[in-house]
Amino acid sequence: MNLDAAMRAAIEQADRVKGRTYPNPPVGAVILDRDGEVAGVGATSPAGGPHAEVLALRRAGSRAIGGTAVVTLEPCNHFGRTPPCVDAIAAAQVSSVVYAVSDPNPSAAGGAVRLAEAGIGVTAGVLADTVGGGPLREWLHKQRTGLPHVTWKFATSVDGRSAAADGTSQWITSEAARADVHRRRAAADAIVVGTGTIFVDDPKLTSRLPSGSLAENQPLRVVVGYREISPDAKVLNGDSRTMVIRTHDPHEVLRALSDRTDVLLEGGPTLAGAFLRAGAIDRILAYVAPILLGGPITAVDDVGVLSIAHAQRWRFDAMEPLGPDVLLSLKPA
């Protein structure tokens with residue numbers, strides 16, 4: 001297996017544990033033996049458990065000797081809840097380490113230097129853009145800014161409507177698109193909606209499997225606004241924890257969620273408009289269905305744009321077909 005293929009396998013491992021490693025980053029690791037064959041794989045355990053490299057090395061056993069460790073993030077160089085990964089790598093007698101992204105956390109960085117000092121070959125930057133825009137996207141944003149990464153997710157008709165003129169909105173998009181939403185919910189730390197969404201839709205805001213049962217990981221449910229919601233609202237059921245924040249200020253919401261990393265904004269057009277005006281959205285995920293609805297109910301309200309010259313500029317990050325629909329991923333230009 002070449003290094004790119006091994007790194008893609010490590011990325012796959014990282015993707016599988018997104019949402020279950022908080023506050024640690026979701027990292028994947030692959031150990032190749034001397035012949036370049038996969039000897040062990042691993043991904044970050046829940047907080048307090050082994051890191052990806054340690055699990056992969058355990059599974060590789062003696063086949064790691066003289067082999068290569070391929071990791072999505074630079075191996076850590078500090079004592080936290082677990083010992084430094086660089087020590088485990090050196091003890092396993094691998095000959096080289098390949099990683100995608102350098103660790104920006106000063107307390108954990110320096111792993112590459114330690115490995116080199118131990119006589120282990122080090123290669124950095126393999127598929128760095130793929131990892132940085134994939135499993136580590138939200139965690140790297142948190143490291144840079146100190147704030148959670150906010151993704152505004154919405155479903156819309158091809159003409160930008162989030163509901164028909166009579167207010168009905170189930171279902172604009174297909175079952176495939178809805179399954180993708182639930183998968184992303186399971187990988188998030190929190191879901192944010194406004195009180196208006198609670199009154200109109202009374203959602204549970206849970207992540208569900210295709211069978212309809214609850215996913216193992218359930219994000220924190222966050223309701224924003226001043227209006228009191230009914231104690232019987234589904235968002236207050238026992239499926240997950242719920243936080244109510246009495247504010248209309250997106251920055252206050254982010255401060256209240258400052259210990260979180262990956263936040264999904266799923267509110268209606270008013271809340272989305274407020275976050276866009278505040279510059280508090282880091283990615284847009286638009287699930288676009290090939291239907292026309294017309295009418296007055298748009299996906300977003302006022303975003304503070306008075307003319308084309310002042311339009312908010314975004315660029316496409318990815319496009320993916322989902323059944324009959326298409327998922328558009330955008331980030332600020």
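Q: How is the relative accessible area of Asp87 to be read: what is its value, and which class does it give?

A: A residue is buried under 20% relative accessible area, exposed over 50%, and partly exposed in between, with a 1.4 Å probe and protein chains only. Asp87 has a relative accessible area of 33% and therefore counts as partly exposed. The model is predicted: local features need pLDDT of at least 70, side-chain atom pairs count only at pLDDT 80 or more, and totals for chains, interfaces and linings use all residues. Residues are numbered from 1 along each chain as its sequence is written, and side-chain values use heavy atoms, leaving out hydrogens and water.

Q: With which residue does Asp87 form a salt bridge?

A: The term requires a side-chain nitrogen of Lys or Arg within 4 Å of a carboxyl oxygen of Asp or Glu. Asp87 forms such a bridge with Arg114, the closest N and O atoms being 2.6 Å apart. The pair links distant parts of the chain, with Asp87 in helix α3 (residues 85-91) and Arg114 in helix α4 (residues 111-117), 27 residues apart. Helices (H or I, at least four residues) and strands (E, at least two) are DSSP runs numbered from the N terminus. Arg114 is partly exposed, with a relative accessible area of 35%.

Q: How many salt bridges does the structure hold?

A: The structure holds 13 salt bridges. One of them joins Glu138 to Lys18, with 2.8 Å between the closest N and O atoms. Glu138 lies in helix α6 and Lys18 in the loop between α1 (3-16) and β1 (28-32), so this pair ties together parts that are 120 residues apart in sequence. Both Glu138 and Lys18 are buried. A network of salt bridges links Lys18, Glu138 and Arg283.

Q: Which residue forms a salt bridge with Arg63?

A: Arg63 pairs with Asp33 in a salt bridge whose closest N and O atoms are 2.7 Å apart. Arg63 is in the loop between α2 and β3 (68-73), and Asp33 is in the loop between β1 and β2, so the pair ties together parts that are 30 residues apart in sequence. Arg63 is partly exposed at 39% relative accessibility, whereas Asp33 is buried at 12%.

**The sheet**

Q: What is the order of the strands in the open sheet?

A: Two strands pair if DSSP finds at least two bridges between them. Here eight strands form an open sheet in the order β9-β8-β7-β10-β6-β11-β13-β12, with mixed pairing. At its edges are β9 (242-245) and β12 (314-322), each pairing on one side only. From one strand to the next, the twist averages 20°. Strand β8 (residues 220-224) and β9 pair in the parallel sense over four bridges, and Val223 has Val244 in β9 as its bridge partner.

Q: Which strands does helix α6 touch as it packs on the sheet?

A: Contact means heavy atoms within 4.5 Å; axes are lines fitted to C-alpha atoms, for helices over the stretch in contact, and angles run from 0 to 180 degrees between N-to-C directions. Helix α6 (residues 137-145) touches β6 (149-157), β10 (262-265), β11 (283-289), β12 and β13 (325-332), and its direction makes about 135° with that of β6.

**Polar contacts and burial**

Q: Where is Thr44, and is it buried or exposed?

A: Thr44 is in the loop between β2 (38-43) and α2 (52-60). Its relative accessible area is 6%, which means that Thr44 is buried. A polar contact is a pair of N or O atoms within 3.5 Å; within protein, one must be able to donate a hydrogen and the other to accept it, and residues adjacent in sequence count only if both atoms are side-chain atoms. The side chain of Thr44 reaches the backbone oxygen of Pro25 at 3.1 Å, and a polar atom of that side chain lies 2.9 Å from the backbone nitrogen of Val27.

Q: What polar contact does the side chain of Arg184 make?

A: Arg184 is placed in helix α7 (residues 175-187), and its side chain makes a polar contact with the side chain of Tyr287 at 3.3 Å.

Q: Which residues of helix α10 are buried?

A: In helix α10 (residues 269-277), Leu271, Ala272, Gly273, Ala274, Phe275 and Leu276 are buried. Their cover includes β6, β7 (190-194), β8, α9, β10 and β12. Just after α10, Gly279 takes a positive phi of about 65°.
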